[in-house]
Amino acid sequence: MKNLILTISILGLSITNISAQDIRQSEVPSVILNHFQKSFPKAADIDWEIKGNYYEVEFETGFLGDDHKILYSRDGKLVRHEEEISKSNLPKTVLASIKRSFNGYKTDDIKKITESGKVIYNVELKNYSQEWKVVFDAQGRILQKKED
């Protein structure tokens, strides 16, 4: 039984390594690196990976170390930007929707995701007995709601 668990664990780790590969910053194409450094000159704790045809960078910004994750295409275009934000940075339309549909819930783990020019907000909402993962558009409409 122990051997089976060990084998499954090793196989799982191997599959993870196949789908994403950590790389050093010196291995990132200059067109991507230049765009990143110009856009985020104060980035800290930077980690690069290759994921399929994309370069992914995870980093932190700001005094509190807000997390960011960006995907770049091989030609240096920003494809997707996911950033941790505070509740105070949510649009009023999203806050109103939360108050209307999730009154009494606390917000947690808020992410602003920009992809193809569209912005969505991924928010965890919790009360004493339930937890939801909810995706809102910028107008406050609920796009997806999943109990966690």
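**Note on the predicted model**

1. Read along the sequence, the pattern of the chain is α-β-α-β-β-β-β-α-β-β-β-β, amounting to three helices and nine strands. Helices (H or I, at least four residues) and strands (E, at least two) are DSSP runs, numbered from the N terminus. This is a predicted model, in which local features need pLDDT of at least 70 and side-chain atom pairs count only at pLDDT 80 or more, while totals for chains, interfaces and linings use all residues. Residues are numbered from 1 along each chain as its sequence is written, and side-chain values use heavy atoms, with hydrogens and water left out.

2. The nine strands form an open sheet with antiparallel pairing, in the order β1-β2-β3-β4-β5-β6-β7-β8-β9; two strands pair if DSSP finds at least two bridges between them. Its edge strands, β1 (21-23) and β9, each pair on one side only. From one strand to the next, the twist averages 20°.

3. Of the 148 residues in the chain, 30% are buried (buried is under 20% relative accessible area, exposed over 50%, partly exposed in between; 1.4 Å probe, protein chains only). The chain exposes about 10,100 Å², of which carbon and sulfur atoms supply 51%; accessible areas come from the Shrake-Rupley method with a 1.4 Å probe, and for residues only the protein chains shown count as cover.

4. Helix α2 (residues 30-39) has Ile32, Leu33 and Phe36 buried. Seen down the axis of α2, its buried residues fall within an arc of 95°, so they line one face of the helix; the arc is that of the directions from the helix axis to the C-beta atoms. Ser30 and Lys38, on the other side of α2, are exposed. The cover over the buried residues of α2 includes β2 (44-51), β3 (54-61) and β4 (66-73).

5. Helix α3 (residues 92-101) lies across β6 (106-115), β7 (118-126), β8 and β9, and runs at about 140° to β8. Axes are lines fitted to C-alpha atoms, for helices over the stretch in contact, and angles run from 0 to 180 degrees between N-to-C directions. Strands β8 and β9 run antiparallel and are joined by five bridges, with lysine 133 opposite lysine 146 in β9.

6. Alanine 138 is in the loop between β8 (131-137) and β9 (142-147) and is partly exposed, with a relative accessible area of 29%. Leaving aside neighbours within four places in sequence, alanine 138 is in contact (heavy atoms within 4.5 Å) with Pro91, Thr93, Val94, Val119 and Tyr121. The C-alpha atoms of alanine 138 and tyrosine 121 are separated by 7.3 Å, with the two residues 17 apart along the chain.
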